[in-house]
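Biologist: I would like to learn how to read charged side chains and a ligand site in a model. Can we take it step by step?

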Amino acid sequence: MELKNRQWTHDQFNAVRQEVLNHWPTGKEVDFAAAVKYHEAIPAKRQFAKRLVKAKKNGETLTQPRAGVALIDEHIKLLNYLLTEGEADLLPTTIDSYTRQNQYKEAQNGIEESLKAGRSLLNGFPAVNHGVAGVRRVVESVNAPLQVRHGTPDARLLAEITLAAGYTSYEGGGISYNIPYAKEVSLEKTILDWQYCDRLVGLYAEHGIEINREPFGPLTGTLVPPSISHSVAVIEGLLAVEQGVKNLTLGYGQCGNLLQDVAAIQALEQLAEEYFSKHSCADCILTTVFHQWMGGFPQDESKAFGVISWGAATAGLAKATKVIVKTPHEALGIPTKEANAQGLKATKQLISMLSDQALPATKELEDEINIIKAEARCILNKVVELGQGDYALGAVRAFAAGVLDVPFAPSKYSLNKILPARDNNGAVRLFDVGNLPFTPDLIAFHHDKINERAKAEGRDPSFQMVIDDIYAISKGRLVGRPR
Ligand SMILES: CCC[C@H]1O[C@@H](n2cnc3c(N)ncnc32)[C@H](O)[C@@H]1O
């Protein structure tokens with residue numbers, strides 16, 4: 001099928017669906033009409049979209065962990081522990097890496113080995129192998145809104161099975177689950193495959209079932225400038241809305257400077273409103289998600305709590321609709337349920353203590369918001385130009401030209417010409433703007449900010465700054481100062 005940002009017809013969708021449902025035997029369990037009926041009976045309090053709308057209306061910042069283990073009963077126990085002990089407002093199901101690569105045979109082995117070992121030998125929940133009936137057991141046993149979180153370039157069968165089972169939110173996107181997650185999967189293919197996922201959500205919406213979609217905001221999670229992650233978020237949001245998605249959460253990964261991060265969430269809301277109303281998507285409900293620091297963490301658990309709490313405080317002051325919570329085991333690997341619950345409770349403490357405060361709307365904050373929006377507009381307008389008006393085509397061409405460029409991305413489709421580094425206050429700026437289509441004054445802004453830090457540190461701007469910043473937080477700092 002030719003790539004274009006146009007809603008798929010039912011015939012186009014159904015032609016592809018037959019093939020998708022055959023990718024693994026459990027695909028046969030998918031019965032869309034029965035799934036719609038099942039969703040109709042899901043109470044509002046367990047519907048992700050509704051809970052987000054309520055939070056936006058009440059000015060709440062909801063907490064959500066990441067969590068997933070191999071076997072159904074253990075996964076249910078884990079989620080219920082995070083709900084009761086961790087006081088989570090929203091719950092995930094993090095999918096294992098084999099499933100993310102469509103390696104369902106290996107996932108099946110993982111299930112069998114986990115049964116033998118009596119513990120999870122997968123780094124997430126292999127939903128495709130468990131099938132609709134198995135995944136539905138999770139939905140029936142956990143009294144909270146459930147979201148599928150993963151990192152899957154071809155997430156079509158995973159969407160069919162988890163949504164049919166009753167999950168009411170689905171993370172990911174054709175850019176955000178390709179560029180940071182795959183080495184050489186064509187962007188064209190993943191954007192097409194994610195149009196399928198969004199069209200499926202659109203079909204549920206046509207039957208009155210509201211399912212929330214959340215493009216993956218942080219991308220590589222390593223010093224990604226806000227304007228770059230926002231540009232991807234807006235593009236994926238527009239592509240999703242074209243396929244009939246009505247409830248979207250756009251996301252952003254914490255960078256660490258409070259002013260820049262609060263400005264980033266406000267700029268994201270304003271950019272989304274601007275671009276969505278421009279493309280007549282006024283009836284799409286928009287919320288935001290703030291991801292606590294996605295880069296390297298300190299091994300020491302007390303220091304890790306410091307990083308988690310900083311992310312919680314920033315999310316609370318930014319008034320994001322939800323915050324994705326890290327754990328004190330981040331530097332070690334998959335967290336225990338206790339560590340996961342601790343991260344959630346520390347976060348909730350900060351969020352509730354900050355619910356009566358907001359960052360004052362100072363000139364500095366406004367300036368930061370305007371810089372982020374100006375940069376994103378430069379990128380998005382160039383994307384539309386390259387795509388001759390089409391965001392899907394434009395996105396593919398923009399990556400080829402370096403107009404969109406994600407730092408430290410594994411994908412060969414990202415030029416990786418840009419180089420981010422922190423300025424003297426720790427805000428993420430660009431040491432090398434690569435081929436980003438910024439105006440001269442924006443380029444000068446970044447240049448000056450990096451030079452200001454260089455002067456303060458008594459060294460020339462260099463790639464060493466980038467390296468120092470990558471390791472800074474795990475070494476207890478924000479700005480990677482020279483030794
Ligand atoms: C983009 C996602 C990276 C983050 O996702 C966490 N993560 C991955 N898999 C699981 C899991 N099965 N349970 C709890 N957290 C998980 C990692 O720690 C990291 O923070």
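**Reading charges and the ligand site**

Modeller: Start with R46, which sits in the loop between α2 (32–40) and α3 (48–58). Keep in mind that this is a predicted model.

Biologist: How many salt bridges does the structure hold?

Modeller: There are 32. One pairs D154 with R156, with the closest N and O atoms 2.8 Å apart. D154 is buried at 14% relative accessible area, and R156 is buried at 6%. Another joins E60 and R51 at 2.9 Å, N to O. Here E60 is partly exposed at 26%, while R51 is buried at 15%.

Biologist: Which residues surround the ligand?

Modeller: Among them are R66, T94, N123, Y181, F216, K326 and E330. Now read the polar atoms. A polar side-chain atom of E330 lies 2.6 Å from a ligand oxygen. For K326, the corresponding distance to a ligand oxygen is 2.8 Å. N123 uses a backbone N or O atom, 2.9 Å from a ligand nitrogen. Alone, the ligand exposes 450 Å², and the protein buries 80% of that.

Biologist: What links the side chains of E330 and K326?

Modeller: A salt bridge, 3.3 Å from N to O. E330 is partly exposed at 31%; K326 is buried at 6%.

Methods. Residues are numbered from 1 along each chain as its sequence is written. This is a predicted model: local features need pLDDT of at least 70, side-chain atom pairs count only at pLDDT 80 or more; totals for chains, interfaces and linings use all residues. Side-chain values use heavy atoms; hydrogens and water are left out. Helices (H or I, at least four residues) and strands (E, at least two) are DSSP runs, numbered from the N terminus. A residue is near a molecule or strand if one of its heavy atoms lies within 4 Å of it. A polar contact is a pair of N or O atoms within 3.5 Å; within protein, one must be able to donate a hydrogen and the other to accept it, and residues adjacent in sequence count only if both atoms are side-chain atoms. Accessible areas come from the Shrake-Rupley method with a 1.4 Å probe; for residues, only the protein chains shown count as cover. A salt bridge is a side-chain nitrogen of Lys or Arg within 4 Å of a carboxyl oxygen of Asp or Glu. Buried means under 20% relative accessible area, exposed over 50%, partly exposed in between (1.4 Å probe, protein chains only).
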